[in-house]
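These are my notebook entries on a single protein chain. I record what I looked up and what I found.

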Amino acid sequence: MVDKRLLARNATLKNQDDITFNPDSFIQRLLLFDNYIMDSIRLKEITYIIDLIGYEGFIELLKSGFFQIRLETKFIAELGQFYYRPNFGKKILPNHHYSFDVGAQAVEKIYISNCCQTNSKIGQLNLKKVTF
């Protein structure tokens, strides 16, 4: 065993709607670590995982606790020239001045629901029985 736990992505974003999934890396991480927490890109990896190990295998993998999915709903954004700044009592910054802050999806549950709806394989899963 290399280590007990790994938090890492297993895909890269090709464009706004598509990813490149690495199946070899996915299997290696499951074998090498006690717990693999996959940092997901809008749950798009699930289609590839189900194609790789099957629906039943995916459900068993989630139930085992060895594999978890992390879907981040927060992001870092540059808001210096954001047109809503005056609404928050802040001036719009001049060019070449920056202000970074943490942003979040409007409603976390809606964001996760939208990610699930855009993934055809997730429709096969009984999400009431599986906790992500």
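Entry 1. Which residues does R5 touch, not counting residues up to four places away in sequence? I found F33, N35 and I37, where contact means heavy atoms within 4.5 Å. I noted that the model is predicted: local features need pLDDT of at least 70, side-chain atom pairs count only at pLDDT 80 or more, and totals for chains, interfaces and linings use all residues. Residues are numbered from 1 along each chain as its sequence is written, and side-chain values use heavy atoms, with hydrogens and water left out.

Entry 2. I placed R5 in strand 1 (residues 3-8). Helices (H or I, at least four residues) and strands (E, at least two) are DSSP runs, numbered from the N terminus. R5 has a relative accessible area of 58% and is therefore exposed; buried means under 20%, exposed over 50%, and partly exposed in between, with a 1.4 Å probe and protein chains only. I also looked up F66, which is 61 residues from R5 in sequence and 9.2 Å from R5 in space, C-alpha to C-alpha.

Entry 3. I then read the whole chain. The protein has three helices and seven strands, in the order β-β-β-α-β-α-β-β-β-α. Of its 132 residues, 33% are buried. Among contacts between residues at least 6 apart in sequence, 65% join residues at least 24 apart.

Entry 4. How do strand 4 (residues 33-39) and strand 5 run? I found them parallel, joined by four bridges; two strands pair if DSSP finds at least two bridges between them. I37 stands opposite Q68 in strand 5. From strand 4 the chain passes through helix 2 to strand 5 in a right-handed β-α-β crossover, meaning that, with the strands pointing away from the viewer, the path from the first strand over the helix to the second runs clockwise.

Entry 5. I examined helix 1 (residues 23-32) against helix 2 (residues 45-64): their axes come within 12 Å and cross at roughly 30°. Helix 1 is therefore roughly parallel to helix 2, a term for angles under 35 degrees. Axes are lines fitted to C-alpha atoms over the stretch in contact, and angles run from 0 to 180 degrees between N-to-C directions. P23, F26, I27 and L30 of helix 1 meet I49, L52 and L61 of helix 2. I classed the residues of this contact as seven nonpolar, no polar and no charged; Ala, Val, Leu, Ile, Met, Phe, Trp, Tyr, Cys and Pro count as nonpolar, Asp, Glu, Lys and Arg as charged, and the others, Gly among them, as polar.

Conventions:
Parallel < 35°, antiparallel > 145°, perpendicular 65-115°, else oblique.
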